[in-house]
Amino acid sequence: MKTFKVTEDTNLKDFTDSVYPQGSFCLAALLRGKDVKVNGARTGANISLRRGDEVVYYTTSKQEEKPSHNPVYEDENVYIADKFSGVSSEGLFSELCGKGEFYAVHRLDRNTQGLIVYAKNKLAEGELLSAFREGKIHKTYYAVCKNAFRQKSAKLTAYLVKEGDKVKVYPSPRAGALTAVTEYSVEEERGDTALVKINLHTGRTHQIRAHMAFIGCPVLGDEKYGDRELNKKYSAKRQRLTAKYISFGLDGGLGYLNGKSFVSAFDC
């Protein structure tokens, strides 16, 4: 059993995603069994929540022990986690905060697996935030994409505009658009799909997923930007996208991380 307080108006699913990864994994089963209580009343639906509500999840010991991530590296300043697909960055952060002092400095989409970095004190938070803004932290992603590439490798520039819960990609600048620079190379062709290495030169919302879809090569399993027929063919319901490598080129107190490279255990 786990109990949480709601801090802002939301709904049960979004709240669960943001605070309790283990509950998120099994929320459908919990709702079917009415094993969630809101303010003392059992519910089997994704109901609205208000600030101050109390939510209790009657998860089993086995459900509570399901990992949200594998630890990759930890010292007094930094924690690097290998996040499972299906776990929100916010939920993982909430879980870590239950164990000590942590600060979020970047995020991964819920269904993107792989490496995510957290600071463990305010000084490290400031240095990591600056490093991400200045491109001093280098991340390499691997994805399985639709194999419709006109070039085996390219450095692409596009312009992204947020529209609701998606981003719209444009080939030329326009008012309100953010520049997105994405570099890719096809590592292995697999018939109608391909394994692709991707490096980001900017860090925009949904950048990889939206940019790959824009050039006709969406990430396999992406239900927001992807190819529904291809997803159905491979029974892919989550995007095949992994934050595979991370390395640092830092100044200041975290410079001891320079030269180290961290690798996700997950493959696409």
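Modeller: A residue is called buried when its relative accessible area is under 20%, exposed when that area is over 50%, and partly exposed in between, with a 1.4 Å probe and protein chains only. What you see is a predicted model, in which local features need pLDDT of at least 70 and side-chain atom pairs count only at pLDDT 80 or more, while totals for chains, interfaces and linings use all residues. Residues are numbered from 1 along each chain as its sequence is written, and side-chain values use heavy atoms, with hydrogens and water left out.

Side chains of opposite charge can pair when their charged atoms come close. A salt bridge here is a side-chain nitrogen of Lys or Arg within 4 Å of a carboxyl oxygen of Asp or Glu, and by this rule the count comes to 18 salt bridges.

One of them joins D17 to R110, with 2.5 Å between the closest N and O atoms. Because D17 lies in helix α1 (residues 12-19) and R110 in the loop between β9 (103-104) and β10 (113-119), this pair ties together parts that are 93 residues apart in sequence; helices (H or I, at least four residues) and strands (E, at least two) are DSSP runs, numbered from the N terminus. D17 is buried at a relative accessible area of 13%, whereas R110, at 23%, is partly exposed.

Another salt bridge is formed by R209 and D222, at 2.9 Å from N to O. R209 belongs to helix α7 (residues 207-214) and D222 to the loop between α7 and α8 (228-233), so the pair ties together parts that are 13 residues apart in sequence. Both R209 and D222 are buried.

R107 and D109 also meet through their side chains in a salt bridge, at 3.4 Å from N to O. Here R107 counts as partly exposed, with 42% relative accessibility, and D109 as buried, with 14%.
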